[in-house]
Amino acid sequence: KKGAGYFLSCYNKLGESVASLFRYCINYHGKKAVLLRLEGKMRNLDWYLKQAYGPRAAFRDGQREAITAALQGQRTLVVERTGWGKSLVYFLAAKILRDQGKGPCFIISPLLVLMRNQMEAAKRFGLHAVTINSENQEDWETVYTQLAGNQIDVLFVSPERLANADFMARMLRILRENISM
């Protein structure tokens, strides 16, 4: 499906140093129930969805499969139209991984307005989301410190930051052992 809002991960264009930060995905179509052991309780993806969106919430076609693939550590690429719910996929996966004690989720987002909206949306899942972009340079040191202290759940980064060798070296040092997705 094609539309204006793609979530794309461009493995070949980003290079090896960037690729080592991410897990890339291929759309996964298996219909498997994923149960997660958290605090001694078995919870499934529907439980998390309903916690965020209420008792009538339901997954759209492909969302459950994309989340399951990401949780299983599979390389996953989700390309869908604007409004399909790509952010639900990475926020729900990030929430579950953080609840399991995994590190932060690293998201490349091309538009500052979209980053702001997504940071607000992350709150619905109880996620602490921050951004590193050209408009908040005064916050970068705080973000680096919080990342190193595992205090950030989701980090949004603008694509132009990936071209900066110093930024990439610092991110690799901080996230290499701790990134969840």
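How close do the axes of helix α7 and helix α8 come, and at what angle do they cross? In this predicted model, the axes of α7 (residues 140-148) and α8 (residues 165-175) come within 9 Å and cross at roughly 25°. Angles under 35 degrees count as roughly parallel, so α7 is roughly parallel to α8. The crossing in which α7 passes α8 is right-handed. On the α7 side, the contact is made by E141, Y144, L147 and A148. On the α8 side, F167, R170, M171, I174 and L175 take part. Sorted by class, the residues of this contact comprise seven nonpolar and two charged, with no polar residue.

A second pair of helices is formed by α3 and α5. Packed helices in general are described by the angle between their axes and by the distance between those axes. For helix α3 (residues 45-53) and α5, the axes come within 11 Å and cross at roughly 110°. An angle of 65 to 115 degrees counts as roughly perpendicular, and α3 is therefore roughly perpendicular to α5. Here too the crossing is described by its hand: α3 passes α5 in a right-handed crossing. Helix α3 contributes L45, Y48, L49 and Y53 to the contact, while α5 contributes L88, L92, K95, I96 and D99. The contact of α3 with α5 divides into seven nonpolar and two charged residues, and no polar ones.

In general, the strands of a sheet pair through backbone hydrogen bonds, in either a parallel or an antiparallel arrangement. Between β3 and strand β5 (residues 154-157), the pairing is in the parallel sense and runs over four bridges. Within this part of the sheet, I108 stands opposite V157 in β5.

Across the whole structure, the search finds five aromatic pairs. One of these involves Y53 and F125, whose ring centres are 5.7 Å apart and whose planes lie at 75°. Planes over 60 degrees apart count as edge-to-face, so the pair of Y53 and F125 is edge-to-face. Y53 lies in helix α3, whereas F125 lies in the loop between α6 (112-123) and β4. The pair therefore ties together parts that are 72 residues apart in sequence. Y53 is also one of the α3 residues that make the contact with α5.

Conventions
Residues are numbered from 1 along each chain as its sequence is written. This is a predicted model: local features need pLDDT of at least 70, side-chain atom pairs count only at pLDDT 80 or more; totals for chains, interfaces and linings use all residues. Side-chain values use heavy atoms; hydrogens and water are left out. Two strands pair if DSSP finds at least two bridges between them. Helices (H or I, at least four residues) and strands (E, at least two) are DSSP runs, numbered from the N terminus. Axes are lines fitted to C-alpha atoms, for helices over the stretch in contact, and angles run from 0 to 180 degrees between N-to-C directions. Angles under 35 degrees count as roughly parallel, over 145 as roughly antiparallel, 65 to 115 as roughly perpendicular and the rest as oblique. A crossing is left-handed if the near helix is turned anticlockwise from the far one by less than a right angle, and right-handed if clockwise. Contact means heavy atoms within 4.5 Å. Ala, Val, Leu, Ile, Met, Phe, Trp, Tyr, Cys and Pro count as nonpolar, Asp, Glu, Lys and Arg as charged, and the others, Gly among them, as polar. Rings of Phe, Tyr and Trp (its six-membered ring) pair if their centres lie within 6.5 Å; planes under 30 degrees apart count as stacked, over 60 as edge-to-face and the rest as tilted.
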